[in-house]
2 protein chains.
Amino acid sequence: MTGVRSAAVVGLGLIGGSVARDLADRGVRVLGYDRDPATVRDALRDGGLHEALGAGLEGVEKADLVVLAVPVTAAPGVLRQIRPHAGALVTDVGSTKESIVRAAEDAGLGDSFVGSHPLAGDHRSGWSASRTGLFRDARVFLTPTSRTTPAALEQARALWAALGARTEVMDATEHDRRMAAVSHLPQALATALGSLLGEEGLRRADLGPGARDMTRLAGSSPEMWAAIAADNARHLSAAVGAMRARLAALHDALDARDAERLRSFFEEGHLWVATDFGSGQRQ
Amino acid sequence: MTGVRSAAVVGLGLIGGSVARDLADRGVRVLGYDRDPATVRDALRDGGLHEALGAGLEGVEKADLVVLAVPVTAAPGVLRQIRPHAGALVTDVGSTKESIVRAAEDAGLGDSFVGSHPLAGDHRSGWSASRTGLFRDARVFLTPTSRTTPAALEQARALWAALGARTEVMDATEHDRRMAAVSHLPQALATALGSLLGEEGLRRADLGPGARDMTRLAGSSPEMWAAIAADNARHLSAAVGAMRARLAALHDALDARDAERLRSFFEEGHLWVATDFGSGQRQ
């Protein structure tokens, strides 16, 4: 990879581990850290990691690229801890971007930091789930700070392009607002529905395909999602509020046995899908 | 089919049409009606229908079996209109069962009526979507009235068994309460989420696989769902209320930035899925 001889990856789970493996595959020397010593041992053994960083992340200053791949609520603390060399790109892989961008600015890393949010991963987690090629054809949102240099942004683009991903630059606040709607709210609804069905004594095996689709996300890591929800509380709160308002209107229409409002309610959602299908999207 | 020489099918859409085709395939003489004359013509041409009933459903008295396959809000009115012969089984195929069972009792058909709810069908509708074998391996809930005779219940079981389905007898009120949770609430959530995303200017094509799963149901027929919601308003209202309470609690936890409550929220849903996976169900 152009210009990157060594990279430091902090956190060797599914995403961080896959970044490490891809970089190692491309001839980059990979330094890395994980709070779990067994993960570090496995990564060194598997060849995705060449050198372990110290518990205080000593050695980061040797890297041309620093990738933070820890939970979103832990990332700002890690960022404050590191002292990368001048010209090194610092990025992360978290699902929320406002707080990490702010933390980078506060830590004096505004010039060299670009937030990354790769839309990749699955229900599995940990180093053992990581693999090369995870980011091939994935979308990656890039969120610069108010001071990111054009050179740093270009480095970030080049990094993800080398890993096969398509990048899209977006304001961090706009990113988090959008993710609250398209990702965090759906996750919260699947979770709430699953809990509610469980309380009713119903099991997932009792459900038809529609309700299964509606609760599949509930199986995702609660630790990860609690961290994302906490970090994106402001925008997710607004999205949950908007959903509560819609359900309140539905509740009223049901209690009033108002056929016309019920019809409008279902028609609005149907129209949204139908319009999109008309644009050539079938799934 | 044992004992059934002729059947009257009222409503020749996806479900009614598929019942008609299956019965005709099994040597039953099929009489039928649809409010759309073109549908009746197509059904007569395709061989799924042998004889058209009059607009007042004259001719129903000749049938050993009457199947109502009209929207759930229209079914009680149709039931009041017909005069089947003594010993003929009367059933329906609606997604809600309390109101049709009550209507059968009120119409003096309590002895010979058994409600049926086949869990079959897809996003398509109309005679052209109907097909033989639609009910093979499907689950069918049977809901007797307070006066259904053992003979009538056995006829209903035999009917669906002949079409390849597995039947399960359930109280009509229990059925509607359960469907509100496992089917009608998920439908309402998918619809509300789709509308909300549309209002945010987002298209279905912008979504990842998780959010697509969560909005797929929104594409279903708004007419059908408005009718189901209206008919099952009491139970769906309770389910929507329970969901609103969960979202209110989540909203509070977000606004309080309460990491512990957020974690509990996501853990509860995760546990429900994990427990079920443990029981051998993977999807």
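1. Chain A has 10 helices and 8 strands; helices (H or I, at least four residues) and strands (E, at least two) are DSSP runs numbered from the N terminus. The C-alpha trace of chain A spans about 70 × 40 × 35 Å along its principal axes.

2. The model is predicted: local features need pLDDT of at least 70 and side-chain atom pairs count only at pLDDT 80 or more, whereas totals for chains, interfaces and linings use all residues. Residues are numbered from 1 along each chain as its sequence is written, and chains are lettered from A and ligands numbered from 1 in the order in which they are written.

3. In chain B, 8 strands form an open sheet of mixed pairing in the order 3-2-1-4-5-6-7-8, two strands being paired if DSSP finds at least two bridges between them. Strand 3 (51-52) and strand 8 (166-169) of chain B each have a single partner strand and stand at the edges, so one side of each lacks a neighbour in the sheet. Strand 2 (residues 29-33) of chain B runs parallel to strand 3 of chain B, and 2 bridges join them. Leu31(B) has Glu51(B), in strand 3 of chain B, as its bridge partner.

4. Of the 283 residues of chain A, 54% count as buried (20 or more other C-beta atoms within 10 Å of the residue's own, with C-beta atoms placed from the backbone). The largest nonpolar core has 188 residues; such a core is a set of buried Ala, Val, Leu, Ile, Met, Phe, Trp, Tyr and Cys residues joined through C-beta atoms within 7 Å. Among the members that touch the most others are Val9(A) and Val9(B). Leaving aside neighbours within four places in sequence, the contacts of Val9(A) include Gly16(A), Val30(A) and Ala69(A), a contact being two C-beta atoms, placed from the backbone, within 7 Å.

5. Between the chains, 71 residues of chain A are in contact with 71 residues of chain B. Helix 6 (172-199) and helix 10 (259-278) of chain A are among the helices that each supply at least two residues of the side touching chain B. 100% of the interface residues of chain A are also interface residues in chain B, so the copies meet through the same surface.

Definitions and conventions: A residue is buried if 20 or more other C-beta atoms lie within 10 Å of its own, exposed if 12 or fewer, and partly exposed in between; C-beta atoms are placed from the backbone.
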